[in-house]
Amino acid sequence: MAFVAAVAKRSSTVRGIKRPSTPYLLLIPGLLWLCLFFIYPLINLASTSTQTPSESGEIGSYVQTFRFANYIDAFSGAREQFTRSIIYALIATLLALAISYPLAYAIAFKSGKWKNLLLVLVVAPFFTSFLLRTIAWKQILGNEGPVVTVLRGLHIIGPQTGLTASAFAVVTGMTYNFLPFMTLPLYASLERIDPRTLEAAGDLYANAITTFRKVTFPLSLPGVVAGTLLTFIPAAGDYINATLLGNPKTKMVGNVIESRFFEIVDYPTAAALSFMLMAAILILVAVYVRRSGTDELV
Amino acid sequence: MRRWISKNLIKIYAFLAFVYLFIPIAYTMAFSFNDAGKSNLTWRGFTFKNWQNPCGAPEVCSALGNSLKIGFIATLIATILGTMIAFALGRHRFKGRSTVNLLIFLPMATPEIVLGASLLAMFLNLGINPGFWPTVIAHVMFCISFVVVTVKARIASLDPKLEEAAMDLYASEVETFRRVTFPLVMPGIFGAALLAFSLSFDDFIITNFNSGTLTTFPKFVYVSSARGIPAQANVIGSLMFLLALGIVLAGQLVSSRKNRV
Amino acid sequence: MVDKAASVKGDLRLSNLVKAFGDFHAVDDLSLVIPEGSFFALLGPSGCGKTTTLRMIAGLEEPTSGSIAIGNTDITYEKPYARPVNTVFQNYALFPHLTIFENVAFGLRRRGIKDVKDAVTKVLELVELGHLAQRKPGQLSGGQQQRIAVARAIVNRPALLLLDEPLGALDLKLRRQMQIELKWIQTEVGITFVHVTHDQEEAMTMADTIAVMNEGRIEQMGSPVELYESPRTVFVANFLGQSNLVKGKIEGSSGNDLQVSVHGNRITVPSGRNFAKENSDKSVLIGIRPEKISIEHSAGNTLGGGVITDISFVGVSTQFQIQMPWGQELSVFEQNDGGASHLQTGDTVQLSWKPEFTFALDGTADVDAGTSVNPDEE
């Protein structure tokens with residue numbers, strides 16, 4: 001059958017505009033933009049990360065001294081926030097997966113003619129500003145909000161206990177905010193499963209749980225991988241939820257980078273932390289993708 | 001009863017998930033009708049006042065205007081550049097393809113704070129002050145990848161036989177593109193533009209780094225959150241929600257009427 | 001520019017056509033002439049090169065070598081939109097964003113014809129779908145889409161219409177109906193039709209001439225009757241219908257007949273029906289179609305001592321599997337006219353047939369060529 005693939009590949013020879021320079025002409029403007037405003041800033045950031053304050057002592061003025069110890073200093077200064085970022089992001093990702101999977105499954109297999117409408121409804125909440133939504137949560141979960149009032153009235157929580165300004169609130173906010181990034185890829189891969197394969201599994205003596213474990217879940221794995229990545233990456237770098245819903249003890253690495261940049265004007269440390277965050281995420285992603293055996297992401 | 005529950009468990013679960021998704025929306029909308037005065041934290045009575053005068057609170061509408069302007073310009077540029085890349089990737093064979101794919105993927109895998117911080121550092125190094133255009137540049141940068149991925153998916157789902165049929169029916173390469181390829185990819189481009197706009201409009205982190213003193217709508221919300229957000233912000237949030245929902249639903253309706261394939 | 005193409009007329013001439021994908025030759029030195037106005041079928045299993053041949057004629061694939069000409073005009077390297085050739089694609093490839101009317105008008109408009117209404121209306125009436133002009137393709141049934149695909153192509157009055165497995169997506173009943181309709185349309189418009197299919201019944205029903213293709217080459221070309229009654233290769237004998245092929249050795253000849261010994265039996269083959277190449281050990285394969293064999297009557301050639309191993313009743317006929325003394329199983333189809341109804345599995349029978357139905361093929365060929373291909377592929 002190899003030749004069929006070869007035929008399919010070559011069949012594309014007469015299609016579209018076929019000057020060899022065309023693809024490059026199409027690529028150049030966009031890629032140039034990405035090189036100038038994504039790649040170059042990253043290189044620039046890398047260079048900033050090893051700078052030290054200039055002799056003049058002027059605030060915000062740094063010179064390149066290739067001081068790689070900046071990384072060690074930056075990390076030891078923000079170790080706590082760093083680990084917290086990764087842990088919060090992991091928990092939020094798992095919670096989002098737990099919420100999204102049944103939801104995506106229901107939309108893919110149980111929604112009938114309502115499928116498109118439900119899909120729109122999944123995305124719809126994200127048309128309001130995510131800051132407004134996060135602040136809404138803050139007020140809903142706040143001490144004067146309905147949830148705390150009811151819980152206190154039922155004596156489930158003590159009169160002094162609140163829900164906001166806590167790790168719980170931060171993780172809840174993150175879970176909520178990145179939910180569609182999880183649901184949509186899950187839906188896309190579940191939707192591609194032929195329901196007959198699930199019936200076949202049932203026909204071949206698999207009960208509902210075995211069918212899910214041996215057929216549905218493995219087939220939806222690309223969606224699981226894409227969804228968890230799309231949730232984990234922004235969650236790990238997020239600091240808005242921590243700022244709005246947390247307390248000083250729930251600060252994440254994003255908070256540190258932000259304050260280093262704007263408040264302390266310590267660009268090298270901010271740059272070093274940015275790079276470590278990016279490296280940590282890319283390493284985790286690479287390991288995860290390799291272990292789950294799905295190479296195609298884009 | 002128990003059988004009914006176990007049979008419909010997944011639907012009940014999905015329903016609850018939707019409730020969870022919509023709680024903050026309902027809250028935001030409800031409080032847009034709050035006769036709030038200065039602080040919109042507690043319910044003080046129903047009013048249409050905020051809806052009649054959405055620009056009533058200081059700065060709300062100038063912030064909104066900035067966000068819309070940035071959103072439109074960034075969407076336009078990102079959609080054009082991203083669509084061009086998507087066509088190159090989807091319709092041509094060339095060297096360095098995997099490098100291009102990586103370059104498209106990386107911005108999506110980079111935390112926003114890193115994107116924002118690195119751009120700001122570069123602008124400062126070059127002596128460019130943060131503000132309107134640096135923000136537009138930043139938004140185009142992070143929107144391109146999403147446009148490429150969306151449009152590429154649409155191109156990939158296109159049957160190459162359709163283009164062959166057009167050429168077979170006396171359409172030259174240019175005409176084939178104009179009459180068949182482009183119209184068929186159009187819904188994908190439209191969807192990509194919508195996505196780019198909502199990403200741009202809703203962005204806070206990267207904007208916060210690169211906009212300097214310019215206020216965008218998310219920045220306005222963030223800054224005023226400390227002392228309570230004016231109810232007018234809820235009105236604008238609700239309006240954006242209804243508008244976007246309307247556009248998407250109308251788009252769905254049109255496409256389901258137009259080509260049921 | 002395009003309408004220079006419209007004046008091109010004449011026979012389609014493929015000369016030494018080769019299409020190579022790396023080391024693999026999808027089409028291997030193919031030469032044939034398709035007369036103007038004929039209904040021609042390229043028949044073969046999937047992967048035999050028939051679709052590649054069609055795509056080269058359409059201009060969607062460039063030949064590695066060789067040439068394609070219509071009449072005296074060489075079109076080998078002409079762009080698809082510059083040749084007077086239109087295609088009915090597999091799965092139709094109707095433009096989903098255009099109405100039926102605009103789909104049909106597409107080719108005319110591209111050729112700069114301003115007033116398309118009459119031509120489009122006429123061709124839609126020809127396929128009896130005039131009332132659907134303002135619909136979108138997605139709202140049509142498979143059979144209707146198929147007819148629109150034909151209309152969209154023939155409205156351009158091409159010198160040549162290519163049909164790529166045009167009925168593959170239709171169910172059996174509709175396929176039968178469309179076969180008759182396509183044939184009628186072809187007589188009506190008088191355009192040369194080149195039809196690619198893996199379905200031998202479809203090819204035989206519609207085409208005046210069939211070329212059977214295998215591994216990039218033409219095995220045999222001729223009218224349906226010719227191919228069926230006188231297959232010249234084992235592949236054709238097996239691919240078109242069924243054949244019983246038994247090894248034998250030429251003993252000698254008398255008059256116009258050859259005498260062949262087949263496992264100790266003497267079988268007569270008309271010399272004109274010996275398609276085997278001369279070879280030193282004079283081995284041949286004796287071929288006979290199952291429906292030509294009789295179990296009851298004695299008629300010239302006979303093979304005795306067969307045991308019935310299986311009987312299946314298929315309505316118009318009953319099919320017997322008969323194991324011969326040398327172990328080979330042969331098929332026999334008997335008309336259900338009451339004659340063979342008493343036969344049972346295990347009965348010992350004698351097979352006989354008229355010598356003029358016998359044919360002889362190359363004895364060194366693979367007996368199974370053309371049998372193991374799955375006709376539903378592709």
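Modeller: Two residues are in contact when heavy atoms of theirs lie within 4.5 Å. The structure before us is a predicted model.

Biologist: How many residues of chain B are in contact with chain A?

Modeller: By that cut-off, 83 residues of chain B touch 83 residues of chain A.

Biologist: What area do chain B and chain A bury between them, and on which atoms?

Modeller: The size of an interface is often given as the accessible area lost when the parts come together. For chain B and chain A, the buried area is about 7800 Å², with 79% of it on carbon and sulfur atoms. On the chain B side, the residues losing the most area to chain A are Tyr20(B), Leu21(B) and Leu103(B), which together account for 8% of what that side buries.

Biologist: Why is the pair Asp202(B) and Arg133(A) called a salt bridge?

Modeller: The closest N and O atoms of Asp202(B) and Arg133(A) are 3.8 Å apart. The cut-off for a side-chain nitrogen of Arg and a carboxyl oxygen of Asp is 4 Å, so the pair qualifies. The count of salt bridges between chain B and chain A is 1.

Biologist: What is known of the two domains of chain A?

Modeller: The domain assignment gives domain 1 as residues 1-49 and domain 2 as residues 67-297. Their centres, taken over C-alpha atoms, are separated by 31 Å.

Biologist: How do you know that domain 1 and domain 2 of chain A are in contact?

Modeller: Contact requires heavy atoms within 4.5 Å, and 5 residues of domain 1 of chain A meet this with 10 residues of domain 2 of chain A; therefore the two domains are in contact. They bury about 580 Å² between them, 77% of it on carbon and sulfur atoms. In domain 1 of chain A, Leu45(A), Thr48(A) and Ser49(A) lose the most area to domain 2, together 77% of what that side buries.

Biologist: How many salt bridges are counted between domain 1 and domain 2 of chain A?

Modeller: The count is 0, while 2 residue pairs are in polar contact, both residues at pLDDT 80 or more. The side of domain 1 that touches domain 2 has 3 nonpolar, 2 polar and no charged residues.

Technical notes: Residues numbered from 1 in each chain as written. Chains lettered and ligands numbered in written order. Predicted model: local features only at pLDDT ≥ 70, side-chain atom pairs only at ≥ 80, totals over all residues. Heavy atoms only, no water. Buried area = accessible area lost by both parts, 1.4 Å probe. Domains from an automatic or database assignment. Polar contact = N/O pair within 3.5 Å; in protein donor to acceptor, adjacent residues only side chain to side chain. Nonpolar A, V, L, I, M, F, W, Y, C, P; charged D, E, K, R; others polar.
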